[in-house]
2 protein chains.
Amino acid sequence: MRDDRSMTLNDIAKLAGVSRSTVSRVVNDDPRVRESVRRRVQETIAQVGYQPNAAARALASRRSGVIGLVVPPSFAEVYADPWFPPLVQSCLDAARDTGFSVMVLMDSVEDEEAVTTLISRFIRPRTIEGLVITNSLQSDALTPKLQSMGFPYVLIGRAVESDRNFVDVTNRQGTRLAMRHLLEHGCRRPAMINGEETIVSALDRRHGFEDALEEAGIDLHATQRTNVDFWRPGAHDAALDMLRGDHRPDCILAASDTIAISVIDAAESIGMSVPEDLAVIGFDDINAARNERLGLTSVKQPVDALGRAAIDVLVQLINGRAQPPVQRWLDTTLSIRHTCGCDPSIAPPGDGDGRKEGAVAPG
Amino acid sequence: MRDDRSMTLNDIAKLAGVSRSTVSRVVNDDPRVRESVRRRVQETIAQVGYQPNAAARALASRRSGVIGLVVPPSFAEVYADPWFPPLVQSCLDAARDTGFSVMVLMDSVEDEEAVTTLISRFIRPRTIEGLVITNSLQSDALTPKLQSMGFPYVLIGRAVESDRNFVDVTNRQGTRLAMRHLLEHGCRRPAMINGEETIVSALDRRHGFEDALEEAGIDLHATQRTNVDFWRPGAHDAALDMLRGDHRPDCILAASDTIAISVIDAAESIGMSVPEDLAVIGFDDINAARNERLGLTSVKQPVDALGRAAIDVLVQLINGRAQPPVQRWLDTTLSIRHTCGCDPSIAPPGDGDGRKEGAVAPG
DNA sequence: CACACCCGTGGGAGCGCTCCCACTCAAACC
DNA sequence: GGTTTGAGTGGGAGCGCTCCCACGGGTGTG
């Protein structure tokens, strides 16, 4: 064991010639302290390098200053999704800015037992004050419990139930705009490769696809649609199947950039060229999409804003400054590049704010 | 604000008709409790779903049960390294097994100010009991401070200083074996593409490369070596430069699988075939390496064991069951596949335990 | 001039645990 | 039969904070 005891509030109080309470006020920025006294105390604190004991503070104030971030159990696997790390990072940044620390909880939200463990390990001992849940599945066992406990939480990605707290991006609007854009390019035989529809955002993306087709009066039954994993291999084969089939599509809307890249790969492997023979639009607008050679047109999610919004909502919930359910939507936009058929040096044909990315060389 | 007050030790004591102390003993698995009493208390606890308050516990016991995991500041960027997520995951798993929770600290260890912040936010308030540091750079500003404070920490990846706690893999031995293997394949003009040598493991990998060459009596000055980022693009161009140069190498040892894949890409783009024209060995043995089509021979790191070892060492340090410096080495091995020139269906020519991977189809 | 009032300050009483010491009662010893 | 032992139990005294109430003295009011 290493030496334990360190400075306490009382020690500082004695050193500065004031009471414990006054030091506490200074530490907590309580205005009811004379300026001269405040300075004196602050100097003493700085001199000895005092920092209040977190446990004592948590015990007395009933606030731990820690929030939990639930990430899917197979951290490693999910991190294959290039969209995920920036999200986590923005949550960590935002939490830090609001004075909270973050505990990463690698837990399944589907498994009843894992959920129970999580609750009894972190929530009941009051280790954490709130929870950000990064994966909104339809089979979520955690959220209902939090809901009934009245525990502050926020989902990243909406839930199907209407009474949940969440922040989300307008997935449906995103694919709707993207598909409309493709149609305006003259596409006649649209197809979509979607992620697994156990994930709510995949559902929404499909609906946006369908919205656009309906608006254009296209028969949904004549279009092709298939589901693959968002990030894992599989899209390549799915795309090949489509492209070799009877109703070879002339454009494919992919539910993620990773899928889009596989699609382009597949198309080129059978001698098709993008966008001439096949227009492609992805989703997420990951870095790889911005690669000049690739020039993937993609629906952009405001990932950083999403993380910040989640923390913001959660903190409001924790502080009782907002009444649940709190639901916040962030807009998706279309990042136009080459693969949709646009020459990126000229204005996009769409109506939207599909703006050119800085990464694209100006014409 | 939500309702606060919940069950306490005292409440359980009253319900079970025993004293606070007895309940505490039951909760903490103290043997000095009669079996019948223990059962009664446990039942009461289970009934009301009691969990001890973490803050009170931490305050009284002077132990928070939390350790910090320092990851590089640009979480998102580093996660491009496919080797990193499994490492983090193994740390999280191992910590959970030992009853610790993990707080992810996204902080630079180079920046003096960031280090000060980290110390005053997490260490001095005693929020965390120990620190796992995942990136061992040569310009580390954190470790010296921890060292002089006597604060428990462990580096993943050795430090250049001899008195640090660390766990590491035998990088040098790994590249030495790999290079020797290439030489046994008849390579005459070896080259290496290394990571940035501000990272200690890159240094070690270079030394292993040199060791093998010296053992074989090959003049180091006649070999080519260059440095690129471990994970970011750049290796492609570096490889092209080498392969188009005057002394075109007949084998390249890459310091990461990501680099190795770029190298193979580059070679094939100028009409060379691997392994016939160019033998390649990578490092890390990431999933992509095991891809059958690619069949990348690679130096395998026991990533999972590495994370577990780190937590193990840290916990021993925290509990005073080990005296610093604690240093632990884990072996690297060679995973033989196609790109080194071996037919994976037959035994490798090397002396090592370069064993075939299960992923490789038996001949 | 007595009273109310507010600002700045001090100290008591917790927060819910752990740790230690004291106590009881029974079995084991001389 | 008195004493030692030890297992099992209870309760006091913290851990280092926050929160609340009380207090003193200066200013403002009737």
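Two strands count as paired here if DSSP finds at least two bridges between them. Keep that in mind as you click around, and remember that this is a predicted model.

**Stop 1: the sheet in chain B**

Colour chain B by secondary structure and pick out its open sheet. Six strands sit in the order β7-β6-β8-β9-β10-β12, and the pairing is mixed. Now go to the two ends, β7 (224-227) and β12 (333-335) of chain B: each has a single partner strand, so one side of each is left without a neighbour in the sheet.

Zoom in on β6 (residues 190-194) of chain B. This strand runs parallel to β7(B), and the two pair over 4 bridges. For one residue-level example, select I193(B) and find T226(B), its bridge partner in β7(B).

Next, bring in the helices. Select residues 235-244 of chain B and you have α11, which packs on the sheet and touches β6, β7 and β8 of chain B. The direction of α11 makes about 160° with that of β6(B). Then select residues 171-184 for α9 of chain B, which lies across β6, β8 (251-254), β9 (279-284), β10 (297-300) and β12 of chain B. Against β8(B), helix α9 runs at about 165°.

**Stop 2: the sheet in chain A**

Switch to chain A. Here too you'll find an open sheet of 6 strands with mixed pairing, in the order β7-β6-β8-β9-β10-β12. Its edge strands are β7 (224-227) and β12 (333-335) of chain A, each pairing on one side only.

This time, follow β6 (residues 190-194) of chain A towards β8 (residues 251-254) of chain A: the two run parallel and are joined by 4 bridges. Within that pair, A191(A) has I252(A) as its bridge partner in β8(A).

**Stop 3: where the chains touch**

Show both chains. How many residues does the contact take from chain A and from chain B? The count is 34 residues from chain A and 33 residues from chain B. On the chain A side, the elements giving two or more residues are α4 (54-61), α5 (75-78), α6 (84-97) and β2 (101-106). Colour that side by class and you get 19 nonpolar, 10 polar and 5 charged residues.

**Stop 4: the nonpolar core**

Select V132(A) and V132(B). These two have the most contacts inside the largest nonpolar core, which has 98 residues. Stay with V132(A) and show what surrounds it: beyond its neighbours within four places in sequence, its contacts include I67(A), L69(A), C91(A), I156(A) and L314(A).

**Stop 5: the DNA**

Which of the 26 residues around DNA strand C come nearest? They are S19(A), S21(A), L9(B), S24(B) and A60(B). The largest share of this surface, 5 residues, comes from α4(B). By class, the surface near DNA strand C has 11 nonpolar, 9 polar and 6 charged residues.

Now select DNA strand D. Of the 26 residues around DNA strand D, L9(A), S24(A), A60(A), S19(B) and S21(B) come nearest. Here α4(A) gives the most, with 5 residues.

**Stop 6**

In chain A, jump to V274(A) and P275(A), joined by a cis peptide bond with omega about 10°. P275(A) is in the loop between α12 (257-269) and β9 of chain A. Another cis bond runs from P324(A) to P325(A), with omega near 0°.

Finish in chain B. D29(B) isn't a glycine, yet its phi is positive, at about 55°. You'll find D29(B) in the loop between α2 and α3 (35-48) of chain B. Is D29(B) buried or exposed? D29(B) counts as exposed, because it has 8 C-beta neighbours inside 10 Å. R62(B), another non-glycine residue, has a positive phi near 60°.

Methods. Residues are numbered from 1 along each chain as its sequence is written. Chains are lettered from A and ligands numbered from 1 in the order in which they are written. This is a predicted model: local features need pLDDT of at least 70, side-chain atom pairs count only at pLDDT 80 or more; totals for chains, interfaces and linings use all residues. Two residues are in contact if their C-beta atoms, placed from the backbone, lie within 7 Å. Axes are lines fitted to C-alpha atoms, for helices over the stretch in contact, and angles run from 0 to 180 degrees between N-to-C directions. Ala, Val, Leu, Ile, Met, Phe, Trp, Tyr, Cys and Pro count as nonpolar, Asp, Glu, Lys and Arg as charged, and the others, Gly among them, as polar. A residue is near a molecule or strand if its C-beta atom, placed from the backbone, lies within 6 Å of it. A nonpolar core is a set of buried Ala, Val, Leu, Ile, Met, Phe, Trp, Tyr and Cys residues joined through C-beta atoms within 7 Å. A residue is buried if 20 or more other C-beta atoms lie within 10 Å of its own, exposed if 12 or fewer, and partly exposed in between; C-beta atoms are placed from the backbone.
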